2 protein chains.
Amino acid sequence: MTTANPNTAPTVISNDPWFDSYAHRAESMRASEIRALFAVASRPEVVSLAGGMPYLGRMPFAELSEQLARMLREQGEVAWQYGSAQGDPHLREDVLPIMALEGITDAQPDDVVITNGSQSGLDLITRIMCDPGDVILAEAPNYVGALGVFQSFQVDVVNVTMDADGLIPEAFEEAVQAQRRAGKHVKMLYTVPNFHNPAGVTMSVERRPRILEIARRLHVLIVEDNPYGLLGFDGRTYPALRSMDAQNVVYLSSFSKIIAPGMRVAWMVAPPGIRQKLVLANESAILCPSNMSQMTVTTYLDHFDWQARIEDYRSMYRERRDAMDSALHEYLPTCSWNKPKGGFYTWLKIPKGLDAKAMLPRAITAKVAYVSGTAFYNDGQGADHMRLSFCYPTPERIREGVRRLAGVIDRELDTVSLFDTDEGMDAQQEEQR
Amino acid sequence: MTTANPNTAPTVISNDPWFDSYAHRAESMRASEIRALFAVASRPEVVSLAGGMPYLGRMPFAELSEQLARMLREQGEVAWQYGSAQGDPHLREDVLPIMALEGITDAQPDDVVITNGSQSGLDLITRIMCDPGDVILAEAPNYVGALGVFQSFQVDVVNVTMDADGLIPEAFEEAVQAQRRAGKHVKMLYTVPNFHNPAGVTMSVERRPRILEIARRLHVLIVEDNPYGLLGFDGRTYPALRSMDAQNVVYLSSFSKIIAPGMRVAWMVAPPGIRQKLVLANESAILCPSNMSQMTVTTYLDHFDWQARIEDYRSMYRERRDAMDSALHEYLPTCSWNKPKGGFYTWLKIPKGLDAKAMLPRAITAKVAYVSGTAFYNDGQGADHMRLSFCYPTPERIREGVRRLAGVIDRELDTVSLFDTDEGMDAQQEEQR
């Protein structure tokens, strides 16, 4: 087992005296492929198309520091004190107009639970809903952080097929029926409908009510994870699943991509019974979210034009998406990929015969990093894909990164064709014997 | 079931369509008796001896706001970005001299894991160590937040007797043996050795190596939860269990009481194998601790005389402990209590026949709040005790609170003696029939 700490090299602990004492769930905890990469991929000479860090270079930290200093002078005794397990009421009010942009207009502050990032939200909903052996249906490929949570609760993740319009409704219905015929408890559908991580696709507006109808009819809870919904590039914001169904959807969103991730502040909206349990689970997990972090967010929302900032992010990330797309056209025309309508990621299919996971060390040697598609599956699939992030590097760096990547892929193809020829000859010889 | 949100009245959700869908572990999640009280007990006219909020009125927020503004101006892009799952290396270095005050001199930054408050640390260690039905031994009464975590992981908490010198070593050994004879997996001993919450007692220095010896011999992991260790009132800091044994102790401490709880920053020190799993569990639970919160703490530690602040806290809380003690002598001489050598709490034994839980609504009507002893047991015990906090109210308010409490107790005693007489008469009549 390797450590997830990006600041030290992975180490193996031998002779652990507690080896036989761990819980069964600890067996499934593994360092994600993404984390294990961070140490090397974060060297300045490497163009990292691997991480999902938002770009914060345009954040007005000078003005922000003034406002935060004032907040602390005036409300320090609140900001530094314990708070509510459900989250700061002011912040639970502040998220309502943000959700209204996605058509959620019926939510009340009492429906909202503030979490320590959406990662914690995924942990809480899995904790209250899933026993070991229960089934979660999910798009494949899937967000690696969600896969990690589901595995840590010993849940069976069953893949549902996606296409260019997102999750396929018929595949969802068939998967529920098949699991139930096999005697399994299907607890929820986990979906990232907008600008999917890593697949880059968006669930079509036409499919959304169909998926909701199936979920209602089959009594399957939908967990809608929506960190990127406001980061669409064509001026369009898609209606949240939650905007069409308040009873069967638990909605998660986050400030990580529309403000910044360093405060670890996100929120969930859930129907009343589930919301009550989420608050209790939040209290058990972390006692309460940080008042300091929450009041940093409310200070930002109250004093800055957060919508203008989102607009700026949209145009900045669109420019980077375009840089990625045109560099791929220029340098890697033999690959195929989607052109995402928003978010952070391009999902690249590499030429037949190549293995994205095996190739990675050679890519890093060539000073470019990506995440192998295998990280986003729980069943060994994905070596024919890689995830390329365009969120953090500048357009120039993206272009340079793709150029380097093309060099690596070309060399791999040369090697593969050499082996192919050898294999072909071996096969011919085999036949001739 | 009631909501844990202190800002709204408890509500009951009827007709929850997901009623049959929850995980088994969700059944044990209940709003703590403490939380349910917050709404009423926090009204200004009530003297609250209930909560465990540290007093922050002497914190130099004006200077702090300057330093934090500067931090954000100079390092905003780091403070607002994702960080390491193990925690900020700078902070993991900064905790070493703090632990040295308790005799821990061999810990390295790589042994440290930063958690989202010690509550999250308790969640993580239980998550990686305990399957449902495993046993955790713990002092009784016990910290209510730990009880909540253990229950949420469906662990059996087995009480070990304490006396005025803390956990009794022989009782610990016997409990392990008895559980093992019954075929149970004893995974750990959970202990708060210093200035126990709620019992106020401290494990004697003489007992510490004996408990460690038993734990080593019987291969039971010790989880040492130590939020109050530096808040001793007689100038004495006790040696941490971890200072005597690096291999069999997981040590938890927190900035909540020595700085402030609003950042939700705490830390754990664990042997290598366990530490690796804690980092993975932290990543699964929250991705990473908040950089903003961690850098707020490092800014404080680097720019302020944190040891002088701890000294000030010690003398402030000692004064309040003394106010509590003398008010109890004056107003409630028929009760018994310990005089704690540090920390936040006095554990009061009330006169025979009274029920601290049943009496609480009448106390709140009389404008004084406490926590019933029943909150700190998992088996219904504790109605003969109450926890009185002296951390937050001023000495004058503490005195006034105890005066009001004495009035409530006196009236209860009158009622009890009345009923006692009635019952006696009923019994006489019964005999005469």
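Select chain A and display its contacts between residues at least 6 apart in sequence: 76% of these join residues at least 24 apart. The model on the screen is a predicted one.

Keep chain A selected and switch to a cartoon view. Twelve helices and 15 strands make up its secondary structure.

Along the principal axes, they occupy a box of roughly 80 × 55 × 55 Å. How does the radius of gyration of chain A agree with that of a compact globule? A compact globule of 433 residues would have a value near 22 Å, and chain A has 23 Å, so the two agree.

Now colour chain A by burial. Of its 433 residues, 63% are buried, that is, under 20% relative accessible area.

Finally, bring chain B into view beside chain A. What rotation superposes chain B on chain A? The rotation is one of 180°, with 0.0 Å of shift along its axis and an RMSD of 0.0 Å. The two copies are therefore related as by a two-fold rotation axis. To find a residue by this axis, select B:Ala69: its C-alpha is the nearest to the axis in chain B, at 2.8 Å. Last, select the contact residues of chain B: 100% of them recur in chain A, and the same surface thus serves both copies.

Conventions: Residues numbered from 1 in each chain as written. Chains lettered and ligands numbered in written order. Predicted model: local features only at pLDDT ≥ 70, side-chain atom pairs only at ≥ 80, totals over all residues. Heavy atoms only, no water. Helix = DSSP H or I, 4+ residues; strand = E, 2+ residues; numbered from the N terminus. Rg over C-alpha atoms; globule rule 2.2 N^0.38 Å. Buried < 20%, exposed > 50% of the residue type's maximum accessible area, 1.4 Å probe, protein only. Contact = heavy atoms within 4.5 Å. Least-squares fit on C-alpha atoms with pLDDT ≥ 70 in both.
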